[in-house]
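Subject: The two-chain structure, and what was found in it

Dear colleague,

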Amino acid sequence: MEERVLLEVKGLKKYFPITKGLFKKTVGYVKAVDGISLNIKCGETLGLVGESGCGKSTLGRSIIRLIEPLEGQVIMDGVDILSLNKDEMRKQREKLQIIFQDPFASLNPRMTVGDIVEEPLKVHKKGAQNERNEKVIELLKMVGLNEQAIGRYPHQFSGGQRQRIGIARALALNPELVICDEPVSALDVSVRSQVLNLMNDLKEKMGLTFLFISHDLSVVKHISDRVAVMYLGRLVEIADKNEIYNIPFHPYTEALMSAIPIPDPEYKKDRIILKGDVPSPANPPSGCYFHTRCLYASKICEKNQPELVNYGNNHYAACHKVDRIRKER
Amino acid sequence: MMVNNKNDNIYSSSKKQSYFRDVAKRFVNHKLAIIGLIILTLLILIVTFLPMTMKLDPYTIGRELPYSGPTKGLVLGVDNAGRDNFSRLIYGGRVSLLVGLLSTGISVLIGIPLGIVAGYYGKTIDAIIMRIADIFISFPSIILILVLVSIIGPSMWSIIVIIGIMGWPEFARLIRGNVLSVREKEYVESAKAIGVKDSEIILKYILPNSVAPIIVAATFRVAGAILQESSLSFLGMGVQPPQASWGNMLYGAQSLTVLTTKQWAWIPPGLMLVITICCVNFIGDGLRDALDPRMKI
């Protein structure tokens, strides 16, 4: 795999204000993304996992500025894309695309499939009309739909087919980075693997880079090269897929991994059941955000916020207790 | 070459025209809407061409004693000044239909852009536009219209313009509400992700997906405007006699004796109002269904 860094995220933050009363006074912030830094390498698939509401999707959308982040940098080809103005950003979007979660909501019901797939080409003025028409057919074939689809409307397709249309639209411009925001969680299991394999094939063929957001650990394991784990708006661990699935350092990752179902009725799992609920992101705990539910927590975890530290082999974890945890294993 | 031809076929046969063909198909299948359309078209044809072909005369007074009943020459009798009721019915139709359609057109043309801008951009713009709409709505519109008419002077055109201007907040509010929900949809986000311009997002994504209720509201508004013109005519601020409108015919016939014994003076204009309003509503219903590609043909 190439080691060139395609996209570098530095200290990205997005807070949503909580307003109250007649004059919309801001009484607090939901820290959806709270200072995240990570690199996405050229040609890799970076899985991003975490439970509902931990800020995965907000992170993905902030990177491509569908949501304007509060602060931080997103550097691509040496340029901070957060500093681009409207027109420059519009051009930049050619390289950054997104595949959405819900294929029933992500296609305009009033546009034909042909128009939907052609639109990105039109917006970025790629080729003449007949060239675009050919390209649309090519794209549809590439995602396994036939050309009769052009004149039809999205509601005439099944969930899996719609997701393929969404993929064709996202890939029409040959983007460099594709944010996949839970692209298969709305599909049934039988279609899921087809779509995943299609995405993998296309990635190989077109040399794409994926940021794959999901809460489904088995899906992420199947498709990712590296995996990042988020908890309450922060990264807690990031490492190669095999490392993180086999020897997780962070106690939260450990608990997550123990929750993956194993298709063997005889197998007795020793699941780690976390106590309590996820704290509110509007009012996160002090120190390490995870200490309220952590099995290993001690005084230091309540006070100091742990940084992401490289424990060798590019395995980063943000935990004060990594050494103890590793020893106990 | 073969491939090219094939592609062209796919595009020409099933792309642009097919949307309108589908719309037409769905509309034709909506029986009430078709009946409404036929009747309304007939009405429009009648009120435009009948006066010329039959040489109708709605203005000469004293053709018979006031409120005399139907005779051979005057099929609907005469009104309080002895004018031919049938001619007045036809001429009144011109006025009522014009007032209804044009003033609604004005309301829609003002209301939709303002509502979309308010809903799409939100925040301050939204607050300003919607507060202005609130101000318009909070005044009893008939009084405001009366004041305006008395300033500008009563005539058919001033009434069309004034009723039109007073009607926009309804449309602005309705479409704003829809835009608020549509702009959060993922397909709008996907358009932004591709880099589609705001103006195009509004025209291709927001408008088609939020306009359906407007069509129905507009048909009701046509009916409302026709009635509003009638009320104004009654108060002496509407279409001035001798010019006829269905409204001033109705209100001209408003006395107990006329109502109970001279039905030919008020049933025809009343019936015409009911028929017109029903037709417009049916057409609106049909259009709403026809414009939605999700409806089965």
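This is a predicted model: local features need pLDDT of at least 70, side-chain atom pairs count only at pLDDT 80 or more; totals for chains, interfaces and linings use all residues.

Residues are numbered from 1 along each chain as its sequence is written, and chains are lettered from A and ligands numbered from 1 in the order in which they are written.

Let me begin with the strands of chain A. Helices (H or I, at least four residues) and strands (E, at least two) are DSSP runs, numbered from the N terminus, and two strands pair if DSSP finds at least two bridges between them. An open sheet of 4 strands in chain A has the order 2-1-4-5, with antiparallel pairing. Strand 2 (25-41) and strand 5 (79-80) of chain A stand at the edges with a single partner strand each, so one side of each is left without a neighbour in the sheet.

Strand 1 (residues 5-20) of chain A is joined to strand 2 of chain A by 13 antiparallel bridges, and in that pairing T19(A) has T26(A) as its bridge partner, while E8(A) stands opposite N39(A). These two strands of chain A form a hairpin with 4 residues between them, and G21(A), in the turn, has a positive phi of about 80°. Strand 1 of chain A is also joined to strand 4 (residues 71-76) of chain A, by 5 antiparallel bridges, and there K10(A) stands opposite Q73(A).

Strand 3 (residues 45-49) of chain A is mostly covered, since 5 of its 5 residues are buried; a residue is called buried if 20 or more other C-beta atoms lie within 10 Å of its own, exposed if 12 or fewer, and partly exposed in between, with C-beta atoms placed from the backbone. In a regular strand the side chains alternate between the two faces of the sheet. In strand 3 of chain A, T45(A), G47(A) and V49(A) point one way and L46(A) and L48(A) the other way, and all are buried. Strand 3 of chain A runs parallel to strand 8 (residues 209-213) of chain A, with 4 bridges joining them, and G47(A) has F212(A) as its bridge partner there. Strand 3 of chain A also pairs in the parallel sense with strand 9 (residues 226-231) of chain A, over 4 bridges, and V49(A) stands opposite V229(A) in that strand.

Next comes a helix of chain A. The buried residues of helix 6 of chain A are R192(A), V195(A) and M199(A). Seen down the axis of this helix of chain A, they fall within an arc of 75°, so they line one face of the helix; the arc is that of the directions from the helix axis to the C-beta atoms. The face turned away from the buried side of helix 6 of chain A carries the exposed residues S190(A), N197(A), E204(A) and K205(A). Just after helix 6 of chain A, G207(A) takes a positive phi of about 65°.

Where do the two chains meet? In all, 21 residues of chain B are in contact with 28 residues of chain A, two residues being in contact if their C-beta atoms, placed from the backbone, lie within 7 Å. Helix 9 (186-194) of chain B is one of the elements that give two or more residues to the side of chain B that touches chain A, and this helix of chain B gives the most, with 7 residues.

Finally, UniProt places the feature "domain: ABC transmembrane type-1" (unreviewed entry) at residues 93-284 of chain B; its positions are given in the numbering used here, feature names are shortened, and annotations may be inferred rather than shown by experiment. The span of residues 93-284 of chain B is 83% helix and 0% strand, and its end C-alpha atoms lie 20 Å apart.

With best wishes
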